[in-house]
Amino acid sequence: DWTRPLLVDSYVLHLWGIWSSLLLSVQEMPTKERRLLFEKMLLGAKLTLGDVGTSLASHKLCVENLEHFPFEEIAGLVHDQGMRVCLDVGHLVVSGGDALGFLETHWDMIGEIHLHDALPGDSRGPGVRDHLPLGSGCVDYARFLDRLEEGGYDGVVILEVNTERDLLDSLKQVRAWL
């Protein structure tokens, strides 16, 4: 209700809320128990999406991919609800995904993009880091932005970084696409 006077293009939904941080630990669970937990989470997500979809136009709802849960597990559910996807490029990289491959697979469903750089963790480094300024991680943002331009993407792209300095650094990197 509060946003009705605004011209809102999309609302981003993190399906798991406070449970997001727990998803990493369930990766270590035995397969059967993990599958049962995911089924319960998916049932909860379906109920949530149905409830939210009754108060907002479903095409304005964008379900964000998260770091520790395979988006393919919920892609059908998002599609069936008539919702769109918020592609968070850094989250995808952190979870070992391919941003260009994700674009190809889900192009028609993408309604918003959160763009930031990221570094997947390894045994020698400081661990997983995301929400970094463009050019300071392993995201090939130039190819990514080229692909958006080639495909005629005209949706929302948000530079999702943490500081004003990171925003200014990222803007320098994307100036050619503005």
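**View 1. Val 63 faces Val 85 across strands 2 and 3.** In this predicted model, Val 63 sits opposite Val 85 of strand 3. Three bridges tie strand 2 to strand 3, and the two run parallel (strands pair if DSSP finds at least two bridges between them). Strands here are DSSP runs of E with at least two residues, helices are H or I runs with at least four, and both are numbered from the N terminus. Residue numbers start from 1 along each chain as its sequence is written, local features need pLDDT of at least 70, and side-chain atom pairs count only at pLDDT 80 or more, while totals for chains, interfaces and linings use all residues. Side-chain values rest on heavy atoms, with hydrogens and water left out.

**View 2. Leu 87 and what surrounds it.** Beyond neighbours within four places in sequence, Leu 87 is in contact (heavy atoms within 4.5 Å) with residues including Asn 65, Phe 102, Ile 113, His 114 and Phe 144.

**View 3. The largest nonpolar core.** This core has 39 residues, and Leu 87 and Phe 144 have the most contacts inside it. Such a core is a set of buried Ala, Val, Leu, Ile, Met, Phe, Trp, Tyr and Cys residues joined through side-chain atoms within 4.5 Å. Helix 2 gives the most, with five residues.

How values were computed:
Buried means under 20% relative accessible area, exposed over 50%, partly exposed in between (1.4 Å probe, protein chains only).
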